[in-house]
Amino acid sequence: MSSTRFPQPDPRRQQADALLKSLTPSGGQLKIFLGASPGVGKTCAMLEAARERQQQGVSVLVGLIETHGRSHTAALLSDFAVLPRREVQYQGQLLTEFDLDAALTQQPKLILVDELAHSNIPGSRHKRRYQDIAELLAAGIDVYTTMNIQHVASLNDLVLQVSGVRVRETVPDQFIDDAHQLVFVDLEPAHLLQRLEQGKVYLGDFATQAQQQFFQLETLTALREMAIKLVMHHVDCQLKTEQQAKATSQDYTIADKLLVLISSRRDHEYLIRIGRRVAEKRQVPWVVVWVDTGAMQYQAQQQRLQAAFALARELGASTDVLRGPSTLQTIGPYITEQRINAVLVGAGTPRWWQPWRKPLYQQLVNSGLPLEVSVYRADACSHAELPLPATPFGQTAGYGVGVLLMALASAVALVLHRVLDNDNLVLIYVLAVVACGLKYGARPAIFTAVLSFFSFNFFLTDPYFSFNVNKSDDLATLIFLLVIGMVCGPAASKIRQQLLLLKAANRFSEFQRDFAARLTVVHQTEELAQVLAAQLSSALQAPVHLALKAENQWQLLPATTEPLLPIDGAVLDWCRQHQAMAGRFSDTLNASVWTAQPLVVQQQTVAVLMVRFPSQQAVLRPDDERLITSLLQQAGSVWQRISLSAELESSRVKAEMEQLRSALLSSVSHDLRSPLSAMMGSAESLLVLEQQLSATDRHELLQTILSESQRLDRYIQNLLDMTRLGHGQLKLERDWVSVNDILASARQRLKRFFPQQELLCQVSAELPPLFVHAALLEQALFNILENAARYSPTDVAIRVTAELRAGRCHIEIEDEGPGIAPDLREKVFDMFYVVADGDSKRHNTGMGLAICRGMIGAHGGTVEAQAAKTGQGSCFVVELPLQAQEEMV
């Protein structure tokens, strides 16, 4: 065994990390009063420290203090404001608990919460009190709390060895490491025993029970030593951080990595706790790994594995699940790829039925990897609590099936014995052995092979119905059957395990690939929610919804018929706020039937995934958790793409709106000001020069005022029409009207503004009346005629033809003006767009044709610009539907 050395890290980077770590956190600060055992005075020391803060003007609130009947402790509480406890009904009893919501509402500067390792009443928001305190710290509230050394998670096995008691309530080491200050409250063990005898620690039966457990001199001394070491280690870490921040320390450690290898067959929580202590001592990152070889996992094994991973994450480790044919073949490439140089593994249990098989730690040592292998065996106390290992004989049901398969193979062989030789009949038994191995594993297959050996010997070899063998060929056949059965059975079992692993891997890959393919056509968040819920619901065989927060209410996609309970809403709020798993299978609001996972995009929770697993499912399987995490990551990327697309579209619309606004201001400021200037000038001339002007001049000025006011009225009407079209407020009051009447009205209006312009109209007699809004259609045609008159020579007539073509009313308006370039024929229908052709764009806002398209489009028709048939000018083609017009009312 050897250890590998990694390149020395950059000192400047270590200094930067230390500076970041030394900065004051944005949340509250945690101060833990640590003792070796109950009764050393932790609560009193905490109250005295809080009194000093209160005298300095800090607002102090007592969240929860357990006096345990001690009058001195109760007297110290009189100086503080005490938060009322929350009452909880549990199993018919009224219990009290720390009121977290009330504490968050009051927002004191400092709050006192006793007994950090306490387990909350089932149904509370959090499973453990340290999680309540974490929420207080996140809200910016300073917290004073107390705990005993036996509740440190990584010391759980060591406390068991010292006291013989397994402590169930533990606090993760990472939570303690993040504390701002650790205060050791000490009392000599002999003095503590005297206090216990005087009734100053526990009363009545509690004191007697304590004397039998922790309150023994050697136990108290060992716990005291453990507490001192923990506080010293915490102080050393703080000092090292300060030194690195100030660049006074040049002794930098080499970056190693520790791997803890666990099994689902045994309780390896002790190994994880040892790994935490080793990693903390060496100051190295560590990972907990389980290798799935395809063997069947019973519910107890799944629960044990889930508990081990949960403990590892609590203690600050990362976790990983690998798949492969064997542990050694799978873990070797992983060690090389991750550059791991130290492995922690259990000693394991020797298998008497496989004496040739070496323990895993010995296989790692002989693997040739540059690796330090540490082997730990659980103590006797821990072994007493281990569940019984799986039977060495495999699945018991397989033996019964093996007997049935052997009997069936014997019956078939006896029937075919007259037509087939024994050499061929052997294959029937081999088939039975392989079938048993594929379904139930190697050991039942070997058992079936042995039974087949004796059955073949008894029924099919001479002398029959005897275990004697007369022919050497039959003896060779029997040996062949036994050897083939012993080889094919385990081989079939191995193939089955590989098939199961491949099936699980393919299932994961197929769901990812299918989900990715379906995401390519998703362009809205609602579609994404539907696709994600459908994909996970199919994979997990459970109801899945994506919850979106809108106007302080949760919207579930797809919608659910069952209303959410208040606790379900609390699960959603917690998951969204803290970006962590909540609900069932978690330590937060686990009384809910829903499991919630956040969908995080750019460090913001945009939605919450809710899964309702079957009630009989006891744990969240690692495969399901990995699948959920993977699909949520893909969904997050698509959500970000949709958001970016929406922002891009919004930017484009804003740019177009800005361009439109600029065009409107430019057009209105020029085109509306021109008639106003003419009107003002004419009116001023009439007012100032009334006596000097002749009757003809006065009439001309009045005519100018009238014509310019009419032009201004048309501009304003166009603006109003465009506004109504843009907001969808244009109502069509239809009636039957002939095309001749509409064109005649438009012609009469055109004559008032362009008296010199000639208009030639030709309407087909076959054209039926139109069911339209006559005024709007007249306005649309007038706008086209006005545009044509403005650009056409006065001595050339504008030609208008209307006829029935392909079941539609076809109207053409042709002029001989300068014409429109092919690439501009569609743009002329854009609002405020004017063809730049010298001074020909004067007296034109560019709204006429846009209004024309909007009005004709409201009738279900179309309008487009084309080249004139004569080769000079433009031709505007209007088509209106004729069929089923009555349904359009």
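The model described here is predicted. Within this scheme, leucine 589 lies in the loop between strand E16 (582–583) and strand E17 (595–601). Its phi is near 55 degrees, a positive value in a residue other than glycine. Leucine 589 counts as buried because its relative accessibility is 6%, and buried means under 20%.

Arginine 339 also has a positive phi, of about 60 degrees, although it is not a glycine. Arginine 339 sits in the loop between H13 and E12. With 46% relative accessibility, arginine 339 counts as partly exposed. Most residues other than glycine have a negative phi, and most peptide bonds are trans. A cis peptide bond is found between leucine 557 and proline 558, with omega about -10 degrees. Proline 558 belongs to the loop between strand E15 (553–557) and helix H21 (566–578).

Arginine 339 directly follows helix H13. This helix covers residues 327–338. Its twelve residues should span 16 Å at 1.5 Å a residue, and the end C-alpha atoms are 16 Å apart, which agrees. Thr330, Ile331, Gly332, Tyr334 and Ile335 are the buried residues of H13.

Helix H11 (residues 269–282) gives a similar check on length. Its 14 residues should span 20 Å at 1.5 Å a residue, and the end C-alpha atoms are 20 Å apart, in agreement. Ten of the 14 residues are buried, so H11 is largely enclosed by the rest of the structure. The buried set holds Tyr270, Leu271, Ile272, Arg273, Ile274, Gly275, Arg276, Val278, Ala279 and Glu280. Glutamine 283 follows H11, and its phi is positive, near 60 degrees.

Helix packing was examined next. Two packed helices are described by the angle between their axes and the distance between the axes. The axes of H16 (residues 396–416) and H17 come within 9 Å and cross at roughly 160 degrees. H16 is therefore roughly antiparallel to H17, as angles over 145 degrees count as roughly antiparallel. The crossing of H16 and H17 is right-handed. On the H16 side, the contact is made by Ala397, Gly398, Val401, Gly402, Leu405, Met406, Ala409, Ser410, Val412, Ala413 and Leu416. H17 contributes Leu425, Ile428, Tyr429, Ala432, Ala435, Cys436 and Tyr440. By class, the contact of H16 with H17 has 15 nonpolar, three polar and no charged residues.

The axes of H17 (residues 422–440) and H18 (residues 442–460) come within 8 Å and cross at roughly 155 degrees. H17 and H18 are therefore roughly antiparallel to each other. Their crossing is right-handed. Residues of H17 in this contact include Asn422, Val426, Val433 and Gly437. Those of H18 include Pro444, Thr448, Ser452, Ser455 and Phe456. The contact of H17 with H18 has 13 nonpolar, five polar and no charged residues.

Serine 452 is located in H18. At 1% relative accessibility, serine 452 counts as buried. Leaving out residues up to four places away in sequence, serine 452 touches Met406, Tyr429, Val433 and Leu481. Tyr429 and Val433 are among the H17 residues in contact with H18. Met406 is one of the H16 residues in contact with H17.

Notes
Residues are numbered from 1 along each chain as its sequence is written. This is a predicted model: local features need pLDDT of at least 70, side-chain atom pairs count only at pLDDT 80 or more; totals for chains, interfaces and linings use all residues. Side-chain values use heavy atoms; hydrogens and water are left out. Axes are lines fitted to C-alpha atoms, for helices over the stretch in contact, and angles run from 0 to 180 degrees between N-to-C directions. Helices (H or I, at least four residues) and strands (E, at least two) are DSSP runs, numbered from the N terminus. Angles under 35 degrees count as roughly parallel, over 145 as roughly antiparallel, 65 to 115 as roughly perpendicular and the rest as oblique. A crossing is left-handed if the near helix is turned anticlockwise from the far one by less than a right angle, and right-handed if clockwise. Contact means heavy atoms within 4.5 Å. Ala, Val, Leu, Ile, Met, Phe, Trp, Tyr, Cys and Pro count as nonpolar, Asp, Glu, Lys and Arg as charged, and the others, Gly among them, as polar. The expected span of a helix is 1.5 Å times one less than its number of residues. Buried means under 20% relative accessible area, exposed over 50%, partly exposed in between (1.4 Å probe, protein chains only).
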